[in-house]
Amino acid sequence: MNYSVKKIGQILNATTQIDSKIVTGVSFDSRKVKSGDLFVALVAENDGHDYVQQALTKGATAVLVDDRHQIDSKIPAIIVSDTLLALQQLGEYRRHQINPKVVAITGSNGKTTTKDMTSAIMGSQYITFKTPENFNNEIGVPLTLLTMPDDTEVLVVELGMDRPGQLTTLSELVSPDIAIITMIGEAHIEFFRTRENIAKAKLEITKGLKSQGTLLIPYDEPLLTNAQVKQNVQTFGQDIKDINSSSSKTIFTYQNTRFAIPLLGRYNIMNALAAISAGILLHIELKNAAEALQHFDLTKNRTEQLTTSHGVNLISDVYNSNPTAVAAVLATLKIIPATHKYVVLGDMLELGEQAASLHACLAETVINANVDGVYLVGPLMNKYLYPILQRRFDSAHLHQYETDQLAELIKDLQTLGENGDVILLKASHGIHLENVVNALVK
């Protein structure tokens, strides 16, 4: 990014002042401003206009402000009616200026892992940029577009969603050539009520999908396969052969090519096949895709495999959680070869009025996983799942903690297991089991 204040004003059809300054980056957090940045004063819980001076002190070249706030005439500025809308318009301009092929990914689970896999595959033959961390909302997506290098050939962008209409906005913003829906689960069911409504909202990703673009969907999800979509639709997940899992990787054959991914679980095979399918559409050779997936950069807390100081293997999947995701990861735990296996389950959030039944319904899945100990964290797990598990586990093998008792949980887990044993941790991010993981691997 290398725009003058005047150029940004022209792009946004906005008023400017001291418009000769050059902007080389963008930030909406005054604490993280770097020299050359455009500071975007967003109005949310905190009003960014209150931090304009702080941003300038940190090195901001100019500020993007709205016309309801007075700004010193000596400050380089772009003045608009809505700073969030202006940020999105600026991101959209850059998307079309650089004009990479765009792969957009959404789904109730697996979108970040699929993003990482897709980026690795595309990077084997193209200059590729991907969504940093979890910058997948109305603010994060335009920031991704604006931080994309000038020479980007393929952009892999993650699109999040927690309400109807959100994916329409984001899809139209990035105008994808390929769109992927990883799966339909219960994430955000508090707001959508049913999986059918979730599927309908996920399909909004096609609103900005180019008319000649392709939507990739799992072959075994009728809520998607039966949907009416104007663009080309392809399914992924079929014709997998020779699946074999070890404690550190999953191996499978697809189209006569052997793949080995450093992740566990059939659900991660599905994520890989979504990424591979996108690669095929952009003419990536399967041998290059296979090589890329052997070692790729995985965003933190997405099914990470770690080891404690005394050799216990940790499976950390603590960024989000819902019943479908828990069932998938417990099915993976069941087939891992280990002498002893333990599971730490934190509350699944944003399930609304269905929270009681959806937590209780995990009982059979937990029991069938054949674990040696269960550690439950949070009021929902303790109220709805714990009483059912009490019928099958005695007090030595079933434990419960409140969300403010993570220190006690850490202490109990630090002495749990021996070399080669496995502890799985799964929860919604709001439970903050990442703090437990960090303590165990110190």
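Reader: Which residues in α3 meet which residues in α5?

Author: On the α3 side they are L87, Q88, L90, G91, E92, R94 and R95, and on the α5 side P142, L143, L145 and L146; to meet here is to have heavy atoms within 4.5 Å. Before going on, please keep in mind that this is a predicted model, in which local features need pLDDT of at least 70, side-chain atom pairs count only at pLDDT 80 or more, and totals for chains, interfaces and linings use all residues. Residues are numbered from 1 along each chain as its sequence is written, and side-chain values use heavy atoms, with hydrogens and water left out.

How do the two helices lie? The axes of α3 (residues 83-98) and α5 (residues 140-147) come within 8 Å and cross at roughly 40°. Helices are DSSP runs of H or I with at least four residues, strands are runs of E with at least two, and both are numbered from the N terminus. The axes are lines fitted to C-alpha atoms, for helices over the stretch in contact, with angles from 0 to 180 degrees between N-to-C directions. The pair is therefore oblique, since angles under 35 degrees count as roughly parallel, over 145 as roughly antiparallel, 65 to 115 as roughly perpendicular and the rest as oblique. Their crossing is left-handed: the near helix is turned anticlockwise from the far one by less than a right angle, whereas clockwise would be right-handed.

Stay with α5 for a moment, as T144 is found in that helix. T144 is buried, with a relative accessible area of 0%; buried means under 20%, exposed over 50% and partly exposed in between, using a 1.4 Å probe and protein chains only. Leaving out residues up to four places away in sequence, T144 touches F129, T131, P132, F135 and L155.

Inside the order, β11 (residues 178-181) and β12 (residues 214-218) are joined in the parallel sense by three bridges, and A179 has L215 as its bridge partner in β12.

For another parallel arrangement, look at β19 (residues 341-346). Six of its six residues are buried, so β19 is largely enclosed by the rest of the structure. K341, V343 and L345 point one way from the strand, and Y342, V344 and G346 point the other way. Five bridges join β19 to β22 (residues 422-426) in parallel, and five join it to β20 (residues 373-377), again in parallel. V344 stands opposite L425 in β22 and opposite Y375 in β20.

Terms used: Pairing = 2+ DSSP bridges.
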